[in-house]
Amino acid sequence: MSSPPTHILLTGATGFIGAHILDALLTHTNLPIRIAVRSPAKGAALLSARPQHTARLSTITIPDFSSPTLDLTPALAGGIDGVIHVASPVTYAITDNEAELIQPAIRGVEAVLAAAAAAGGVKRVVLTSSFAAVLDISRSGGEYTAADWNPITYAEGVAGSPVEAYRASKKFAERAAWEFVGRGGAGFDLVAIAPPMVFGPVVHPVGSVRELNDSAAVLWRAAEGREALPVARVAFWVDVRDLAEAHVQALLRPEAGGKRYLVAAPERFNYALAATIVGEEFEFAKGRVVEGSLVPDQSKSIDGRTAARELGISYRGFRESVVDLVAQISKKQEEGW
Ligand SMILES: NC(=O)c1ccc[n+]([C@@H]2O[C@H](COP(=O)([O-])OP(=O)(O)OC[C@H]3O[C@@H](n4cnc5c(N)ncnc54)[C@H](OP(=O)(O)O)[C@@H]3O)[C@@H](O)[C@H]2O)c1
């Protein structure tokens, strides 16, 4: 890509991370943005919450990625030249790993890339991957870098727990993207963004705590202190606003083309630390006794520095991320959520 795109397609904007990417695009660019949604009602809610930007925003309804006739050609038609593909199933409440997580994730990526190639004129596709595609659970130390891949096999993802299925879905979806551009002839380059746990306030359409996305819901449960603290599967995290900024820079910076970035704050976290911060900062949690070590797992590290340097982002601290989410949700609960 020699010059930045000028007309953007964004998937997943109705979700936690995608809505922040939408807001970062609105704040940091003046580009027209088309939002691909599977729920027109959610798309409308997203737009009506941003009335000052309606002239730059449009929506297009796309099928669920598990649809047997998945074709995203219409979403890419009409001059789209930059894509941020965020949408992918993020749930552990499944009964069929392959049908509900792994295949929709892969097919969504393949459909976006095929439609982008068919459209012609697309310069850059930014893909939201995950640290789940990088993590190696057998590893005991050292630093994770963008060169690392989760060794999980497709078969292990299909037969494993929902968490393993999610990891496989992200690994094989990202692999499919690199293989697609690796075959040549796509006409665009690819940037993959791999964040670990993502925290921070919510800007997508959510009507109640029950509708919160998975990572925010887990953090809120830790903040409420009504049940045993969850165990952090990894100690790495990033604030959703920093992650959104990384996506926008990955779209706009020509030199990012062909790269894979781990976007992660230098600080580690665990849920005891989150609950302690909530106890220190919020009246409703004052005096609460927090069980568990306040020292997050330090056995491994992650290279979030390369993304910070090459994409020009600086990472928020964990306290800010926790406080901003908990303040928002507790206020909404007072308003009758
Ligand atoms: N949250 C994290 O901690 C985290 C960490 C690393 C990577 N990620 C990645 O970041 C991306 C967004 O995650 P998120 O936390 O924002 O999740 P989210 O709030 O659940 O949003 C998921 C988005 O994907 C769409 N989607 C889900 N399944 C779909 C399907 N089968 N067909 C079409 N669209 C589908 C959703 O549409 P609806 O609004 O219609 O449901 C929504 O827009 C995902 O690729 C995820 O793997 C998340």
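1. Serine 169 is buried, because its relative accessible area is 0% (buried means under 20% relative accessible area, exposed over 50%, and partly exposed in between, with a 1.4 Å probe and protein chains only). Serine 169 sits in helix α6, residues 162-182; helices (H or I, at least four residues) and strands (E, at least two) are DSSP runs, numbered from the N terminus.

2. This is a predicted model, in which local features need pLDDT of at least 70 and side-chain atom pairs count only at pLDDT 80 or more, while totals for chains, interfaces and linings use all residues. Residues are numbered from 1 along each chain as its sequence is written, and side-chain values use heavy atoms, with hydrogens and water left out.

3. A polar atom of the serine 169 side chain lies 2.7 Å from the backbone oxygen of tyrosine 166. A polar contact is a pair of N or O atoms within 3.5 Å; within protein, one must be able to donate a hydrogen and the other to accept it, and residues adjacent in sequence count only if both atoms are side-chain atoms. Apart from neighbours within four places in sequence, serine 169 is in contact with Leu101, Ile102 and Ala105, where contact means heavy atoms within 4.5 Å.

4. Helix α1 (residues 16-28) packs against helix α8 (residues 240-252) at an angle of about 60°, and their axes are 8 Å apart. Axes are lines fitted to C-alpha atoms, for helices over the stretch in contact, and angles run from 0 to 180 degrees between N-to-C directions. The two helices, α1 and α8, are therefore oblique to each other; angles under 35 degrees count as roughly parallel, over 145 as roughly antiparallel, 65 to 115 as roughly perpendicular and the rest as oblique.

5. On the α1 side, the residues that meet α8 include Phe16, Ile17 and His20; on the α8 side, Val240, Arg241 and Leu243 are among them.

6. Threonine 29 lies in the loop between α1 and β2 (33-37). Threonine 29 is buried, with a relative accessible area of 12%. Its side chain reaches two backbone atoms: the oxygen of leucine 25 at 2.6 Å and the nitrogen of leucine 31 at 3.2 Å. Not counting residues up to four places away in sequence, threonine 29 touches Ala24, Arg56, Val248 and Leu252.

7. Alanine 308 belongs to helix α10, residues 305-311, and counts as buried at 17% relative accessibility. Beyond its neighbours within four places in sequence, alanine 308 is in contact with Ile313 and Tyr315. Alanine 308 and valine 263 are 45 residues apart in sequence, with 7.5 Å between them in space, C-alpha to C-alpha.
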